[in-house]
Every structure is written in structure tokens, then in C-alpha cells.
Amino acid sequence: MFGKIQRFPILTFITVLFFLSNTVWGINNLMMDLAVERIEKAGPPKLIGKDVIFTYSSKEPLRFVGARFGHENYKILHTYVRNRNGVFVLIYPVPENLTKFTYRIVADGIWMADPNNPDIEYND
């Protein structure tokens, strides 16, 4: 009986931490993982909580897909992961005070505009 009483506060503490982490950091990781695994085809970027989900797929087999962002001067390459449906997915946290994303997809070393995003902006 004493062992059960001791475990209860620990479980309560872990449960409180779990719910606090969801409140502080937005959507919990399990929900985000489920959302990513359900993606069956690539589409335009989607804002979910404080994150943007980028997707990409190709008829040609690809080894690598990444993205580079304008607010980082296109210096950092963020790697997509392939979900169980073969769609490349990138979850990117939206930086505070950022009102506009500019980005390029890099697929097997080839830079390109996102073919799934209807809001294309051309360089001058």
C-alpha cells in the first residue's frame, strides 16, 4: 500500500509536466507525428499551431529533399523526412515576428520553387 501512495505523486507530476509541455510548446509531438503520418500526397504549406508543415513528392525517385529559408539568407539546409506514404515532410517552427516566408526546395541538389505552393514570388 505504501508503494502505491509513493507512485501516485510521481505519476501526477509526470502528467502535469506532459500537459504543461503541451501548453508551453504548442501541439504535442504525438499529435504532430500522427498528422505527418496521415499525409498521403504533397500539398501547399500548412500552418499548424506554431509550426509550418512543408511537403514534397516527385514521380522520380529522390534520395534527398531539403529547404532553405530567406530569413536565414538561404544558408541553413533543413532536411525533410519521408513518411510511410513516401511523402517528404518538413516541420518548421515559425520564428517570432516573421510575417512572410521565402524559401526554396532542394531536391537531390536542384534548387526550385515549391511546386505545391500557389504563392510563387519571382526574383527581380
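**Figure 1. Strands E3 and E4 pair in the antiparallel sense.** In this predicted model, strand E3 covers residues 65-69 and strand E4 covers residues 78-79. Helices (H or I, at least four residues) and strands (E, at least two) are DSSP runs, numbered from the N terminus. The two strands are joined over 2 bridges; pairing requires at least two DSSP bridges between strands. Residues are numbered from 1 along each chain as its sequence is written, and side-chain values use heavy atoms, without hydrogens or water.

**Figure 2. Strand E3 is mostly covered.** Of its 5 residues, 5 are buried (under 20% relative accessible area with a 1.4 Å probe, protein chains only; exposed is over 50%, partly exposed in between). Val65, Ala67 and Phe69 point one way from E3. Gly66 and Arg68 point the other way. Side chains in a regular strand alternate between the two faces of the sheet. E3 also runs antiparallel to strand E7, residues 103-107. This pairing has 5 bridges. Glycine 66 has valine 106 in E7 as its bridge partner.

**Figure 3. Strands E4, E3, E7 and E8 form an open sheet.** The order is E4-E3-E7-E8, and the pairing is antiparallel. Strands E4 and E8 stand at the edges, each with a single partner strand, so one side of each has no neighbour in the sheet. Strand E8 covers residues 110-112.

**Figure 4. Aspartate 114 is buried without a salt bridge.** Aspartate 114 is found in the segment after strand E8. The nearest side chain of opposite charge belongs to arginine 104, 9.6 Å away (Lys and Arg count as positive, Asp and Glu as negative; His and chain ends are not counted). A polar contact of 2.6 Å joins the side chains of aspartate 114 and tyrosine 103. Such a contact is a pair of N or O atoms within 3.5 Å; within protein, one must be able to donate a hydrogen and the other to accept it, and for residues adjacent in sequence both must be side-chain atoms. A polar atom of the aspartate 114 side chain also lies 2.9 Å from the backbone nitrogen of asparagine 116. Beyond four places in sequence, aspartate 114 touches Pro45, Thr55, Tyr103, Ile105 and Ile120 (contact means heavy atoms within 4.5 Å).

**Figure 5. A second open sheet has the order E1-E2-E6-E5.** Its 4 strands pair in the antiparallel sense. Strand E1, residues 46-48, stands at one edge, and E5 also stands at an edge. Each has a single partner strand, so one side of each is left without a neighbour in the sheet. Strand E2 (residues 51-56) pairs with strand E6 (residues 88-93) over 6 bridges. Valine 52 stands opposite tyrosine 92 in E6.

**Figure 6. Strands E5 and E6 form a hairpin.** Between these two strands lie 5 residues. E5, residues 81-82, pairs with E6 in the antiparallel sense over 2 bridges. Arginine 82 stands opposite phenylalanine 88 in E6. In the turn, glycine 86 has a positive phi of about 85 degrees.

**Figure 7. Valine 87 lies in the loop between E5 and E6.** Valine 87 is buried, with a relative accessible area of 2%. Leaving aside neighbours within four places in sequence, valine 87 contacts Ile39, Glu40, Lys41, Ala42, Thr55, Tyr56, Val81 and Arg82.

**Figure 8. The protein chain contains 2 helices and 8 strands.** Along the sequence the pattern is α-α-β-β-β-β-β-β-β-β. Of the chain's 124 residues, 30% are buried. Among contacts between residues at least 6 apart in sequence, 55% join residues at least 24 apart. The mean pLDDT is 79, and 72% of residues reach 70 or more. Over residues 1-26, pLDDT stays under 50. The model has 4 contacts beyond four places in sequence for that stretch. Where pLDDT is low, the predicted coordinates should not be read in detail.

Notes
Predicted model: local features only at pLDDT ≥ 70, side-chain atom pairs only at ≥ 80, totals over all residues. Salt bridge = Lys/Arg side-chain N within 4 Å of Asp/Glu carboxyl O. pLDDT = per-residue confidence, 0-100.
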